[in-house]
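Thanks for coming, everyone. Have a look at the structure on the screen, and then I'll walk you through the inside and the charges.

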Amino acid sequence: YLVNAGKAKLMMGQINKTDKLDARGLAILLRNGTLPSVWIPPGELRDQRELARMRIFLVHMRTGLKNSIHATFAKYAITFAEVTDLFGVRGGELMRERLGELPPETRHSVEEQLELLGQLHKQISQAEQRIQRLVKITPEMQLLDFLPGIGPILAVAICFEIGDVERFCDAAHLA
């Protein structure tokens, strides 16, 4: 068992704290079948969670880089009104054309960030391919995919984080 220590302490209702009192209180809760345990996901599920978590982490890094690049151009009042997506094909071309308007060290910094951004795109793509190859799509994942703002990757991540939804007695406990 992995015990929810805070909940167990409340259930034991003891003011004084000693190892002997704690052991006695835990034994009573265990004997009564009321020991508040914490769910430990099976090893395979814990391992699979890393697939989606890594992709989410990489996307977070990509977003940070894009924000940094946007901020750098904005700092020097360089705008790109011609495009709505600065990191699309045309936006990338415009960015490279206008890099010369930045001071030398700032330009170098943006060039390095753009290179790192390209590497992140590649890693994100590889992570997505790995998820598609290794994850067996469940009916729950398909249902989640229909919700606005949740795509196939986030559906996988949510299902992996929840685990067996049947372990929750109602929606409030899941939430």
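I'll cover confidence, cores, cysteines and salt bridges, in that order.

First, ground rules. This is a predicted model, where local features need pLDDT of at least 70 and side-chain atom pairs count only at pLDDT 80 or more, while totals for chains, interfaces and linings use all residues. Residues are numbered from 1 along each chain as its sequence is written, and side-chain values use heavy atoms, with hydrogens and water left out.

Confidence. pLDDT is the predictor's confidence in each residue, from 0 to 100. The protein averages 92, and 99% of the residues score at least 70. Helices here are DSSP runs (H or I, at least four residues), numbered from the N terminus. Helix α1, residues 5–12, has the lowest mean pLDDT among the elements, at 84. Helix α5 has the highest, at 96.

Now the interior. Buried means under 20% relative accessible area, exposed means over 50%, and partly exposed is in between, using a 1.4 Å probe and protein chains only. A nonpolar core is a set of buried Ala, Val, Leu, Ile, Met, Phe, Trp, Tyr and Cys residues joined through side-chain atoms within 4.5 Å. The largest one has 19 residues. Those touching the most other members are Ile69, Phe73, Phe80, Phe87, Met95, Val110 and Leu114. Take Met95. Leaving out residues up to four places away in sequence, Met95 touches Ile69, Phe73, Phe80, Leu86, Phe87 and Leu114. Contact here means heavy atoms within 4.5 Å. There is also a second, separate core of 12 residues, including Leu45, Val135, Ala155 and Val156.

Next, cysteines. How many disulfides does the structure hold? It holds 0. A disulfide is a pair of cysteine sulfur atoms within 2.5 Å. The sulfur of Cys169 is 19 Å from the closest cysteine sulfur, in Cys159, so the two are too far apart for a bond. Cys159 is buried, at 14% relative accessible area. Cys169 is exposed, at 61%.

On to charges. A salt bridge is a side-chain nitrogen of Lys or Arg within 4 Å of a carboxyl oxygen of Asp or Glu. The whole structure has 7 of them. In one, Asp22 meets Lys17, 2.6 Å from N to O. Asp22 counts as buried, at 18%, whereas Lys17 is exposed, at 59%. In another, Arg98 pairs with Glu101, with the closest N and O atoms 2.8 Å apart. Glu101 is partly exposed, at 45%.

Then look at Glu161 and Arg53, whose closest N and O atoms are 2.7 Å apart. This pair links distant parts of the chain: Glu161 sits in helix α7 (residues 152–162), Arg53 in helix α3, and they are 108 residues apart. Both count as partly exposed, Glu161 at 34% and Arg53 at 36%. They also belong to a salt-bridge network with Arg49 and Glu50.

Last one: Arg62, in helix α3, residues 43–75. Arg62 is buried yet has no salt bridge. Which side chain of opposite charge is nearest? That is Glu128, 6.2 Å away. For charge, Lys and Arg count as positive and Asp and Glu as negative, with His and the chain ends not counted. Beyond four places in sequence, Arg62 touches Leu117, Leu120, His121 and Ile124.

Note on methods
Helices (H or I, at least four residues) and strands (E, at least two) are DSSP runs, numbered from the N terminus.
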